[in-house]
Every structure is written in C-alpha cells, then in structure tokens.
Amino acid sequence: MSYQNYTTEQLQALDNAHHLHPFTDHKQLRSDGARMIVRADGPFIYDSDGNEILDGMAGLWCVNIGYGRDELAKAAYEQMKELPYYNSFFRCTTPTPVLLAAKLAELAPKGLNQVFYGSSGSEANDTAVRLVRHYWSLEGKPEKNIIISRNTAYHGSSITGASLGGMAAMHGQLHGAVPNIVHVMPPYSYEFAHAGESDHDFGLRAARAVEDAILEAGADKVAAFIGEPVMGAGGVRIPPASYWPEIQRVCRKYDVLLMIDEVITGYGRTGAWFGCETYGVEADTITTAKALTSGYQPLSALLVGERISSTLVEKGGEFYHGYTYSGHPVCCAVALANLDIIEREGLVERVANDTGPYFSKVLAETIGKHAMVGETRSIGLMGAVELARGNGSRERFDPGQAAGEMVRDHAVANGLMVRSVGDTMILSPPLIWGREHVDMACERLSRALDDVAARLG
Ligand code: PXG
C-alpha cells in the first residue's frame, strides 16, 4: 500500500483520527495537521507538498550518516532473509550481536568491553540503573542506591528515563517517580552563571552541586552520578571545561559510579567517537542508541565497564533483566554497516577537524551577530542559538510570544529543519554535512530570524 494513493489532507485526517504522537498537544496538532515527511536523501528531507528541507536535526539527533544509504538497506534485507529474529536468552544468541559487541568494545573507551542491548535509549538507561544498583547490592552495599542527576537532563521517556531526567513537566505527569533519584543544577552558564563569574568558576560551582548532594545524602547511600556529556534535549547545554574533570574527581573521592548518557553524543557528534573522550572523563557505563544505527533501525547498546561487568559475571548469578529484542540480529547488522560507513568515510575526524570548527565559526559570525540572538555555542556538530531581546543580551522574550516556535516555523518555511527548546534553537545535523550545508543552514536560519524580528517588532 503506497502513501502516494493518498492526498496530504487524507493522510492528515487519518493521522488525526487514529495516531497519538509523542510529546504533542493533540488539540493543537489536530487543528493544524502534521507535516508529512515522505522521503529523504543525503542531508535533505522532503514533505508531501514536495518541499525540500535541509535537515538540521538529523531526524532526531540520530541520522549521522544521512539518508538513503543502500548499504544499510541491504544489510537489513540480507539479515532478514538469513535470520530475521532469534533471541539471546536461554544460552542462545546469533552472530550479528556478537560481532557488533566486539566492534563496540574496539571503538569504546578503554575498559568498557561488555555490551547489553535494547531497542531505545530509555531501555538502555533502565538497564543502566538496574545494573548499577545491582552492582552495589552484590558488593554488599544495597543501601548505596541513590542516583544523582541534573535538572533539565533528558534520559528518556519510560518511567525510569523520565525519573532520571530533570524535566519538570515530565515529572508532573509521572504520578510517582522511581525512588532515590536526586537532581542538582545543570552546567548552563547562559542562565545560571552570576554576573562577572568566569566560565571556569561557574563549571566548578556546578560540579560542586554534585558533591553537596553526595554529602547531604551520605556517600554510603549514593550509587552513581548520571549525565549527558553535553545536555541535548535540554538545549545543547555545553559545560565549561572545568566541569567534567571536577565531576570525575568528586565521584572518585566518594566512590560514586559515573554513568554517561551518550544517546546523543555517541558515534561522532562531538568530534570524537564518544563525548566522554571530548571531555576526558572515564565512565563506568555509557548509554548509546540513536546514531548506533543512524536511526535506520531501533537499537541501543549499554557499554559496561570492567568494574561492574566483572562483579556481575563473578558474583551475580542470573541477572533478571532483558528484552525480546535485546541483540536483534537485523538491527545489529544495520549497526555494523553504519559503523563501517562512519569509519570508512572518516566522519568523526571530519567533524573534529573541519566541519565542527567551521560550524562554530560561521554560527558565531552570522547568527551570533543578529539583533535577536543572545549567544551561539557549539561543539562538533551540535549547536544552540539563544533568542534574546538584543544581541548579546540574556533578556528573554515573554514565553507567551513563543519566539522559539516562531523561529522554527519560519526556518522550516525557509527550508531548514531546526528544533526549538523554549527560546533556544538547536542544530544537530547529519555528520555528512559539508561546509556548504553549514553555510546554507546559517543563511536560512538568518532569514527566519529576520522574518520573526520583523513580526515581533
Ligand atoms: N538519553 C538521551 C541523552 C536522549 O537524548 C534518550 C536518552 C532516550 O532515548 P529513546 O531512544 O528512548 O528516545 C534520549 C532521547 C528532543 C528529543 O526533543 C530527544 C530525545 C528523544 C526525543 C526527543 O530533543 N532524546
């Protein structure tokens, strides 16, 4: 059945009648109708009205190798023909998850040699929480089970993910979060640095909020700290250079494990294979998903360090946890093909040495000069633009003006897909972007800012 037999209006009517969308106000959606994205190629997506849109969000922070890669389609097809599914329970497995695990151990930072699979970042973080708490229990410290996280962190949308995350609106709808999770301030200088406070000092202060939380709970009660190297969905909040080394020092001092959530930063986004390498931080667990398959198939991999895995293996007995699709052979085959492309095309190096620095420069020199931009920032190929009343200012628009949403809508109308987090505009494009795509994105965003500035007066 082809969608081409349907008009956009017919598809929208069916969508409104039967489809509940993620993170969506349905009353609003149903008055406007959803934009139908019908195909994509390289860095571009196409909607059902035939508009070509440069995808500044790589789908949803995931399509790192761009769209339309035959190799991944072939890998899935071949695997489906050979063996579409078999499980990894009950002393069985299949070859592709094994080969992928070995590949991930090779790519991962030293000491993270074991992999537990799921289908999403939310599932992987659920596994990480279970594993970390189980670890301390096996080590005879079951009461060491508090996890420290940060306000505005995003760690998924399952009850565990949302509880770990620090999104107030999500907590408001949880009706009972997973217990023993504590949230502290994020390292977000644009909003939280005091006037005159250096980036360095602010980074230390934000990291010491974690130490304060450990001292308040008692180190013998704190299992782990969890953080995204760069907070993604919270608004590409890039920590000062002083932040992660201080977090590492504090965690070591109190024997608190470090859980790094690389669902967005994993597989090249920051210009290193993993964001923790960008920040020189050593993790006990690394959560990955999204770009592991460039979004072509749903797959997550929790990378587990030696300390936890050896206890699990030696003392753990059976770990009562797993998903039907843990180690799905088709998803793993697609992941292998995807990692092969990232390596072969040198995408990580290109982000580090060429497109990442170029993106940062052009963003600052064009968008950063605009009258309604307070700040631009980026690392690798993830960036943010803060909308403000006046260039370089920190004064926000009234929330009722919905400036961020307006800029997003005008950007899409100008041929650029971006995401707005409140009044923070986000770019997280495919890693195949060349300099010409960076230029194109900044021109289109600039035009959108002009349009909105004219409307807001
Ligand atoms: N951790 C991080 C850091 C994420 O960004 C998850 C976990 C959960 O992954 P799954 O696969 O369960 O969605 C994410 C997901 C947004 C947005 O609005 C971001 C995500 C998901 C949906 C929307 O920017 N990140």
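1. Strand 4 gives the largest share of the lining of the second largest pocket: four residues. Strands here are DSSP runs of E with at least two residues, helices are runs of H or I with at least four, and both are numbered from the N terminus. A word on the basis comes next. This is a predicted model, where local features need pLDDT of at least 70 and side-chain atom pairs count only at pLDDT 80 or more, while totals for chains, interfaces and linings use all residues. Residues are numbered from 1 along each chain as its sequence is written, and side-chain values use heavy atoms, with hydrogens and water left out.

2. Back to the pocket. The second largest pocket has a volume of about 860 Å³. Its lining holds 26 residues, and Ser-88, Val-115, Phe-116, Leu-312 and Phe-319 lie nearest the centre. Helix 5 (95-107), strand 4 (112-118) and helix 13 (306-315) are the elements that give two or more residues to this lining. A pocket is an open set of points on a 1 Å grid over the protein atoms alone, where a 1.4 Å probe fits, with protein on both sides within 12 Å along at least five of seven lines; lining residues have an atom within 4 Å of a point. The points are joined across faces, edges and corners, and the volume is the space filled by probe spheres set on them.

3. What kinds of residue line the second largest pocket? The lining divides into 15 nonpolar, nine polar and two charged residues. Nonpolar covers Ala, Val, Leu, Ile, Met, Phe, Trp, Tyr, Cys and Pro; charged covers Asp, Glu, Lys and Arg; the others, Gly among them, are polar.

4. Now the rings. Rings of Phe, Tyr and Trp (its six-membered ring) pair if their centres lie within 6.5 Å; planes under 30 degrees apart are stacked, over 60 edge-to-face, and the rest tilted. The count is ten aromatic pairs. One of them joins Phe-89 and Phe-90, tilted, with 5.5 Å between centres and 55 degrees between planes. Phe-89 is partly exposed, because its relative accessibility is 30%. Phe-90 reaches 70%, so it counts as exposed. The cut-offs: buried is under 20% relative accessible area, exposed is over 50%, and partly exposed is in between (1.4 Å probe, protein chains only).

5. Tyr-188 and Tyr-190 form another tilted pair, 6.4 Å centre to centre and 45 degrees between the planes. Are these two tyrosines buried or exposed? Tyr-188 is buried at 2% relative accessibility, and Tyr-190 is buried at 5%. Ring pairs link Tyr-188, Tyr-190 and Phe-192 into a cluster.

6. The rule is NZ of Lys or CZ of Arg within 6 Å of the ring centre and within 35 degrees of the ring normal. Arg-394 places its charged end over the ring of Tyr-190, 6.0 Å from the centre. Lys-144 lies over the face of Trp-136, 4.8 Å from the ring centre.

7. Look at helix 16 (residues 403-413). Its buried residues are Ala-403, Gly-404, Met-406, Val-407, His-410, Ala-411 and Val-412. In an α-helix there are 3.6 residues a turn, so residues three or four places apart point the same way. What do the buried residues of helix 16 pack against? Their partners are strand 3 (52-55), strand 12 (382-387), strand 13 (416-417), strand 14 (419-421), strand 15 (424-427) and helix 17 (435-456). Just after helix 16, Gly-415 has a positive phi of about 90 degrees.

8. Two residues other than glycine deserve a check. Most residues other than glycine have a negative phi. Ala-58 has a positive phi of about 45 degrees. Ala-58 is in helix 3 (residues 58-61) and is buried at 0%. Tyr-267 has a positive phi near 70 degrees. Tyr-267 lies in the loop between strand 8 (257-261) and helix 12 (275-278) and is also buried, at 0%.

9. Gly-166 lies between helix 7 (159-164) and helix 8 (168-172), buried at 10%. Beyond its neighbours within four places in sequence, Gly-166 contacts Arg-150, Asn-151, Thr-152, Ala-153, His-171 and His-183; contact means heavy atoms within 4.5 Å. Ser-198, in the loop between helix 9 (189-192) and helix 10 (199-217), is partly exposed at 31%. Ser-198 and Pro-240 are 42 residues apart in sequence and 9.5 Å apart in space, C-alpha to C-alpha.
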